[in-house]
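Student: I have a structure open and would like to learn how to read it. Could we take it feature by feature?

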Amino acid sequence: MDSELSSWQKAAQAKRQAILDSIPQKWRIQRAVLPVDVTGKFIQGYLTPREIEITEADAVAITTQTTSGNWSAVEVTEAFCHRAAMAHQLVNCLHEIFFEDAIQVAKELDEHLAATGKPKGPLHGLPVSLKDQFHVKGVDTTMGYVGWIGTYQGNKDDPRHRVAESELVRELRSLGAVLFCKTSVPVTLMAGETANHIIGYTWNPKNRNLSSGGSSGGEGALIALRGSPAGFGTDIGGSVRIPASFNGLFGLRPSAGRMPYEGAANSIDGQNTILSVIGPLATSIGGLKLLFKAILSEEPWQHDPLSLPLPWRDDIENKTKQLISEKSTASRLSFGIMRHDGLVEPQPSVKVAIDFMERILRDLGHQVLEWDTDLCREGREIASKIYNLDGGEDLLSHIALSGEAQIPQCSVEPGKHFNAREVAALNVQKREYQKRYMDYWNGTARLTTTGRPVDAVICPTAPHAAVIPGKYRHTGYTTFINTLDYTSLVFPVGNADKNIPSMIERSEFLSELDQKIFGDYDAEIYYGAPVGLQLIGKRLEEEKIITIAEYLCEQVRFYTGQEDLVNSSTDA
């Protein structure tokens, strides 16, 4: 009974219904029972052959067609709006829908191309989705907080509500992108699963018994269902990389300052010991590169005081390609392999993915070194302190706006407030940790045949594939990278296999948490879940890491016989 609901429950219910009402009636799914896997043939069953052709293309293929006029921006936009509408009904992945505005923008782009013979920019006619942290004119930004509905970041009388736009949004419009929806996040953002009282739980499209990850979980789920070819999330502890890994996608966590954060909403805003960063997610490495380069071409440092004046560096890309093509063994690449983080060993399918990548690298003549796991511990511990500098006050204050109950995946407990002296000491500890890690990495030059430090490190993104709801217990594989502010790119390697008998039993564990996470493993439930790995570079090495990732994904495709992972979509 509605009369029995609290005010916050009624507000959440009304918003949830408003999102559904934004979907045209002709696109509503009339089905009581859904299968476990709603990707591929299932979602395609709701689309026309032409819509399938368009939405199965990656961002590179789409912009090739739209910038040349072979495909109209309107047709492409309508196809992705339809598929996004299906996606939301299958896995709860959208917070905001503005399809009509998107189609109007697409019409204007088609008119511009017809009148001038030139596209508006390199993203002309490309639908791009956004995590619900970015302000879009005329649209709510709730970040999953019931108390933010109909407000500007919880402030009811702020005139910026419905008129503000984030710098990233402005740049995407300038580049010719078509913005059409905003995607779900966990309330507070600080979670590896996506759940809030507005839309509920965001499920994994490949296996609806599992999570889509967090906090950019809606982006991950939507793009995995090809309801968007590419989009943007944010990452302060793994929030781009975890959804990318869990959904079989590509995701980039650049170093702070390369992507413009100006004008975006955030939790614990003003905390700058570890900065949240914006990063793209896409169905291909080519799509990831396209979005990253396009934003840099807008010179975000002219508009965002925290953006670094670093355009895309062709010289680094070309130098990396030259190293890759070297025939001499002494000049090939060298990689560190980090098999676990010293606290929790990966579950069986993640171990198999690491071993698989090591075999590929050795077969290709690249050098592989074992990477020190002890270095993760301090970075993980520093990050944990930083996320709680205010004792959870910011997060709890936003929940308190509506009085909504906390969600188990996103629970926050009041804790110790750090004073200025303690924050300064933590900053010193972080800097000294970064220096030790830098020295360790540079010191590997003594061990490589190239005489250079290791070119990149490969490690798990999480100790499991897409996780069982309520059982994301450990973010140590991602948070230490945020402490370091290193570049990290996630790429898909395969899917969880239930037939790995040699790895099912273990008698020794690194910690109680390790034993608990191993005990969570259920081969039947995890079967088929996507597995992604991280490719890590040093700070501000995005060009190098993207270029190496292009190369490695070609090799993964060759070894597995999968569809091209580099310049086209994988099979949804």
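Student: Which residues is Lys 131 in contact with, leaving aside its neighbours within four places in sequence?

Tutor: Contact means heavy atoms within 4.5 Å. By that rule Lys 131 is in contact with Lys 182, Thr 183, Val 185, Leu 189, Ser 215, Ser 216, Glu 219, Phe 232, Gly 233, Thr 234 and Ser 239. The model is predicted: local features need pLDDT of at least 70, side-chain atom pairs count only at pLDDT 80 or more, and totals for chains, interfaces and linings use all residues. Residues are numbered from 1 along each chain as its sequence is written, and side-chain values use heavy atoms, with hydrogens and water left out.

Student: Where is Lys 131 placed, and is Lys 131 buried or exposed?

Tutor: Helices (H or I, at least four residues) and strands (E, at least two) are DSSP runs, numbered from the N terminus. Lys 131 has its place in strand 2. Buried means under 20% relative accessible area, exposed over 50%, and partly exposed in between (1.4 Å probe, protein chains only). Lys 131 has 0% relative accessibility, so this residue counts as buried.

Student: Where does UniProt place the feature "active site"?

Tutor: UniProt positions are in the numbering used here, feature names are shortened, and annotations may be inferred rather than shown by experiment. An unreviewed UniProt entry places "active site" at Lys 131, Ser 215 and Ser 239. These residues are spread over 109 residues of sequence, yet they cluster in space, with a largest C-alpha distance of 10.6 Å. Lys 131, Ser 215 and Ser 239 are also in the lining of the largest pocket. On a 1 Å grid over the protein atoms alone, a pocket is an open set of points with protein on both sides within 12 Å along at least five of seven lines, and lining residues have an atom within 4 Å of a point.

Student: What surrounds Ser 215?

Tutor: Ser 215 is in the loop between strand 7 (207-211) and helix 8 (217-224). Its relative accessibility is 2%, so Ser 215 counts as buried. Not counting residues up to four places away in sequence, Ser 215 touches Lys 131, Ser 184, Val 185, Pro 186, Leu 189, Ala 191, Thr 194 and Ser 239. The Ser 215 side chain also reaches the backbone oxygen of Leu 189 at 3.4 Å.

Student: Which residues carry the feature "binding site"?

Tutor: The unreviewed UniProt entry gives Leu 189, Ser 215, Ile 236, Gly 237, Gly 238 and Ser 239. They span 51 residues in sequence, but no two of their C-alpha atoms are more than 10.9 Å apart, so they gather at one spot. One of the set, Ile 236, is in the loop between strand 8 (230-235) and helix 9 (241-246). Ile 236 counts as buried because its relative accessibility is 11%.

Student: How should I read the buried residues of helix 11?

Tutor: An α-helix has 3.6 residues a turn, so residues three or four places apart point the same way. In helix 11, Glu 317, Thr 320, Leu 323 and Ile 324 are buried. Seen down the axis, the buried residues of helix 11 fall within an arc of 125 degrees, so they line one face of the helix. That arc is taken from the directions from the helix axis to the C-beta atoms. The face of helix 11 turned away from the buried side carries the exposed residues Asp 315 and Lys 319.

Student: What covers the buried residues of helix 11?

Tutor: The cover includes helix 10 (285-297) and helix 19 (542-560).

Notes:
Polar contact = N/O pair within 3.5 Å; in protein donor to acceptor, adjacent residues only side chain to side chain. 1 Å grid on protein atoms, 1.4 Å probe; cavity = no way out; pocket = protein on both sides within 12 Å on 5 of 7 lines; lining within 4 Å.
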